[in-house]
Amino acid sequence: GGSLDIVCAGRLVDGGDIVKVLALGARAAGLGRPIVLAAYSNGEEGVLNYLESLRLEIMMLVSALGKYDVSMVSDEDLAAVDKELARGLGIQHIYD
């Protein structure tokens, strides 16, 4: 009975992706390509802007789920995460 920490990396782009992998039990989420693209487009300022917008998006999603910390989001909240993202984009979601 040992434990295993899971780190998810690859194809994570926005706050919704981060919230989902953490809700599924990942210990951390890696952001390679988006950071490189932000750095390429606007250097250090681009990376800082990207990280701040990511932080705000995660906070808004967590709050919309009625939680106050991302660690409180569970796999049972995943359908609601998708629904909140769809609502924010102004599209109808399959759960509506």
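Which residues does Asp77 touch, not counting residues up to four places away in sequence? Asp77 touches Leu65, Lys67 and Met72, where contact means heavy atoms within 4.5 Å. This is a predicted model, in which local features need pLDDT of at least 70 and side-chain atom pairs count only at pLDDT 80 or more, while totals for chains, interfaces and linings use all residues. Residues are numbered from 1 along each chain as its sequence is written, and side-chain values use heavy atoms, with hydrogens and water left out.

**Around Asp77**
- Asp77 lies in the loop between helix H2 (33–64) and helix H3 (78–89), helices being DSSP runs of H or I with at least four residues, numbered from the N terminus.
- Asp77 is buried, with a relative accessible area of 13% (buried means under 20%, exposed over 50% and partly exposed in between, with a 1.4 Å probe and protein chains only).

**Salt bridges**
- The structure holds two salt bridges, each defined as a side-chain nitrogen of Lys or Arg within 4 Å of a carboxyl oxygen of Asp or Glu.
- One of them joins the side chains of Asp77 and Lys67 (3.7 Å, N to O); both residues lie in the loop between H2 and H3, so the pair ties together parts that are ten residues apart in sequence.
- Arg55 and Glu52 also meet through their side chains in a salt bridge (2.7 Å, N to O), and both lie in helix H2, three residues apart, about one turn of the helix.

**Helix H1**
- Seven of the nine residues of helix H1 (residues 15–23) are buried, so H1 is largely enclosed by the rest of the structure.

Notes:
Helices (H or I, at least four residues) and strands (E, at least two) are DSSP runs, numbered from the N terminus.
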